[in-house]
Amino acid sequence: HISDHVAFEAPDPGFWVPCKYVVLMVDVRGQGQSEGDTCPFSRQEQQDYCELISWAAEQPWSNGNVGLNGVSYLAVTQWGVAQHRPAALKAMIPWEGFYEPYHRSYFAGIPEVKFLPFVVKTQVLPHHREGSGFDLGEGSAEEHPLFDDYWRERTPRLEDIEVPALICASYSDHGLHSRDSFNAYSVIGSPQKWLYNHREPKWQAYYSDHAQAFQRRFFDHFLKGMDNGFEKEPSACVRIYEDRTTYTDLSLQTWPPENVDYQKLFLDASTLCMTKQVPGVLGLAEYDANSGDAFFEHTFEQDTVLLGSMWLRLWVEAVGSDDMDLFVGVRKFDPLGGQVYFYGFGGMNSNDVVARGWLRVSHRELDEQHSTSARPVHLHEREIRLSAKEVVPVDIEILPSGTRFRANEKLGLTIQGRAIEPDADMVGFGMLRNEGTHRIHTGGDCLSYLQVPLLTHVK
């Protein structure tokens, strides 16, 4: 349902112009008909954006109020410019976009190697202006595997953003934007902010009648001054999914949700189950670091809704290596054992798991200042390699989801040393540190558990 005039991941003029909006799509430096060198995510690009916002506000067809709207790169760049508070910027709709570039290049310390080459090949080079240069900045992601000044300078200060914001964060884009989109809602300085949530293919959701109508009401209120009651909308509108297409809407006052009970399900390697009871005996699950996996399951006795991030605490040991790369997938199974699938990872895969998590074990050091009861946050400022026979605790954030489990349905937990299938064509991992055998210890002094967010007072 888009017009012939829409640009990739941009607002559709076919919808907005009849609503009496002007839609501007501007070629960044070195792209299309713009001169200069292409320099994505740079300070230069942010400065250009500020100047364009001011220019647009001064045009005779403008009422002086400018809004930003777009998906992915067209959301990422909004974070960068909005922190500078250009006077004419009155509202923003960052629809699924990361803001911490380190965590896009390194998934909890594990190098992601496919996305940037994919973007350059499919988006940058086909539109690159002849004679223009291409500058990713001094150094490169490969030269900065730890969170250092290179990444700090490239991370916008969302606390400095003050304009009203409608932020879309989906469960179905764990491979790109889900983590930062949810976090942005909590971090952003804007006193007026709303969270829009879905678990659909990303472009289908963005251009849907419901989403565009919601975007329009937001802009009508903050760009045109219409008294349409938008300011009374619930702060967060989220969805609880039973499968790909069956869901219920839920209105919240904030995110993460307040009415959540965090419950620990303890891993028991002797039974390969997860239970509320602490295992009575020590257990050990092990698998080939490159080709194997460990699987645990939990059966729900009554209807249960999980909403938010999960926290996986594992006691691990590497046999034959001084590091481990861990990939985690949470799955849903019906009472007969059939897996229930969802849209996920890259926003398009239709046979995905409930939620995912990652960690390079040498990056296990926690950021105590920013970790919360809902999710662990890591520093990524140094590596702490493993010694032979050393057993250590690690904490893995499993990205947000909203899922309903009926009585007798099961939650499955997969732990392995390679990406959880299905993988996205545009996202992939390389330079993994997996050799020998991974061991997971349970029980006794090694209480491995999955902390799940149980939503209370839900119909």
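Q: Over how many bridges do strand E14 and strand E20 (residues 410-416) pair in the antiparallel sense?
A: This is a predicted model, in which local features need pLDDT of at least 70 and side-chain atom pairs count only at pLDDT 80 or more, while totals for chains, interfaces and linings use all residues. Residues are numbered from 1 along each chain as its sequence is written, and side-chain values use heavy atoms, with hydrogens and water left out. Helices (H or I, at least four residues) and strands (E, at least two) are DSSP runs numbered from the N terminus, and two strands pair if DSSP finds at least two bridges between them. For E14 and E20, which run antiparallel, the count of bridges is 7.

Q: Which residue of strand E18 (residues 355-360) stands opposite Phe327?
A: E14 also pairs with E18 in the antiparallel sense, over 6 bridges. Phe327 has Gln416 as its bridge partner in E20, whereas in E18 it stands opposite Trp358.

Q: Which residue takes a positive phi in the hairpin of E14 and E15?
A: E14 and E15 (residues 339-340) are antiparallel partners over 2 bridges, with Phe333 opposite Gln339. The hairpin leaves 5 residues between the strands, and the one with a positive phi, near 95°, is Gly337.

Q: How many of the 9 residues of strand E14 (residues 325-333) are buried?
A: Buried means under 20% relative accessible area, exposed over 50% and partly exposed in between (1.4 Å probe, protein chains only). In a regular strand the side chains alternate between the two faces of the sheet. Both faces of E14 are covered, with Asp325, Phe327, Gly329, Arg331 and Phe333 buried on one side and Leu326, Val328, Val330 and Lys332 buried on the other. E14 is therefore largely enclosed by the rest of the structure, the number of its residues that are buried being 9.

Q: How far apart are the closest N and O atoms of Arg360 and Asp325?
A: A salt bridge is a side-chain nitrogen of Lys or Arg within 4 Å of a carboxyl oxygen of Asp or Glu, and Arg360 forms one with Asp325. The pair links strand E18 to strand E14, 35 residues apart. Arg360 is buried at a relative accessible area of 4%, as is Asp325 at 0%, and their closest N and O atoms are separated by 2.7 Å.
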